[in-house]
Amino acid sequence: MPSSQARCRARDRSNVLNRVEFQSLTQTPRREQGAGEGRGRRTPFRQRSEQDDAAARGSRDSSEGGGPSAEDSSRWPEADCMQLNPSFRGIAINSLLAIDISLSKRLGVCSGAYGAGAPLRSMVTLLALTGHALLWICGTLICLWRSNTLAGQEVLVNLLLALVLDLMTVAGIQKLVKRRGPWDLPPGLLDYLSMDLYSFPAAHASRAAVVSKFLLNHLVLAVPLRILLYLWAFLVGVSRVLLGKHHLSDVCCGFALGFLLFSLVESVWLDSATCQTLISIGTLSWAPLV
């Protein structure tokens with residue numbers, strides 16, 4: 001008798017239909033005693049079949065509609081929807097910015113007091129000072145005060161207008177962009193006075209371009225002096241990079257902005273009569289206005 005029971009148990013274990021995954025095929029679903037309770041519950045097999053039908057219906061809708069619905073897409077967070085294939089333009093811009101920052105940091109050898117270019121720091125600082133706004137505005141006012149010719153006063157008034165326009169334009173753009181320098185050095189006292197607080201665009205480069213173009217167009221200079229003037233404007237822009245104040249792109253954009261402002265001043269050139277009126281208003285001498 002015990003041997004027959006053991007044989008029956010072994011036969012039951014070897015039967016495939018007795019496994020858990022096939023029990024739903026051999027057993028009938030139990031009905032609940034309560035009517036409302038029986039209607040409210042569903043068997044696992046029925047729930048699984050309904051879920052499969054819903055998944056099949058959703059895949060069919062997505063294949064017919066060409067993509068997921070708005071309801072499904074709204075469920076995903078923005079972190080899961082990041083762009084895996086950026087555009088060529090974005091890659092190019094980011095690469096150029098990375099190269100610009102790397103080269104600007106390597107060229108800023110005079111940014112610290114103990115760097116590789118520390119012995120040249122004082123000379124580079126003096127060179128950068130020659131492109132400062134206060135130096136050129138005060139020098140233009142002194143020359144205008146000592147000038148006695150109408151032609152000289154006309155040129156100096158227009159130069160003063162170009163310098164003020166350059167100062168206000170660069171300060172406004174820097175305030176909007178707020179780009180820091182490659183070494184993020186704090187601005188000095190002279191920078192605060194000239195509102196040169198940020199890196200883009202380079203104010204010294206823009207001013208050097210305006211002054212050099214103005215002097216080359218309105219003064220008769222020999223060829224060596226013209227070459228020296230171009231070289232001075234270039235070195236003023238480079239000096240700001242060596243001091244770690246600006247990136248290379250800031251200096252290039254500063255030169256471009258300076259040429260643009262010079263063209264603007266040339267297009268709205270003030271004649272001699274207008275310049276004399278402005279000089280009379282500035283010196284509180286109303287005789288030419290009567």
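A search of the whole structure, which is a predicted model, finds five salt bridges. I shall discuss several of these pairs in turn.

Let me begin with Arg179 and Asp100, which form a salt bridge whose closest N and O atoms are 3.2 Å apart. This pair links distant parts of the chain, 79 residues apart: Arg179 is in the loop between α9 (150-177) and α10 (189-193), and Asp100 is in helix α6 (residues 88-107). Are these two residues buried or exposed? Both Arg179 and Asp100 are buried.

Arg179 also forms a salt bridge with Asp250, and here the closest N and O atoms are 2.8 Å apart. Because Arg179 lies in the loop between α9 and α10 while Asp250 lies in helix α13 (residues 248-267), the pair ties together parts that are 71 residues apart in sequence. As for burial, Arg179 has a relative accessible area of 18%, and the cut-off for buried is under 20%, so Arg179 counts as buried. Asp250, at 0% relative accessibility, is likewise counted as buried.

The next pair is Asp196 with Arg240, whose closest N and O atoms are 3.5 Å apart. Here too distant parts of the chain are linked: Asp196 sits in the loop between α10 and α11 (203-218), Arg240 sits in helix α12 (residues 223-242), and 44 residues separate them. Asp196 and Arg240 are both buried.

I turn now to the cysteines. How many disulfides does the structure hold? The number is zero. Cys110 is buried, its relative accessible area being 2%. Cys275 is buried as well, with a relative accessible area of 0%.

Finally, the surface. Leu126, Leu129, Leu134, Leu189, Leu190 and Leu193 make a nonpolar surface patch of about 560 Å². Two elements, α7 (121-129) and α10, each give two or more residues to this patch. Which element provides the largest share? That element is α10, with three residues. Leu129, one of the patch residues, lies in helix α7. At 38% relative accessibility, Leu129 counts as partly exposed, because that category falls between the 20% limit for buried and the 50% limit for exposed.

Notes
Residues are numbered from 1 along each chain as its sequence is written. This is a predicted model: local features need pLDDT of at least 70, side-chain atom pairs count only at pLDDT 80 or more; totals for chains, interfaces and linings use all residues. Side-chain values use heavy atoms; hydrogens and water are left out. A salt bridge is a side-chain nitrogen of Lys or Arg within 4 Å of a carboxyl oxygen of Asp or Glu. Helices (H or I, at least four residues) and strands (E, at least two) are DSSP runs, numbered from the N terminus. Buried means under 20% relative accessible area, exposed over 50%, partly exposed in between (1.4 Å probe, protein chains only). A disulfide is a pair of cysteine sulfur atoms within 2.5 Å. Patches are made of residues with over 30% relative accessible area and no salt bridge: like charges are joined within 9 Å, nonpolar side chains (Val, Leu, Ile, Met, Phe, Trp, Tyr) within 5 Å. Accessible areas come from the Shrake-Rupley method with a 1.4 Å probe; for residues, only the protein chains shown count as cover.
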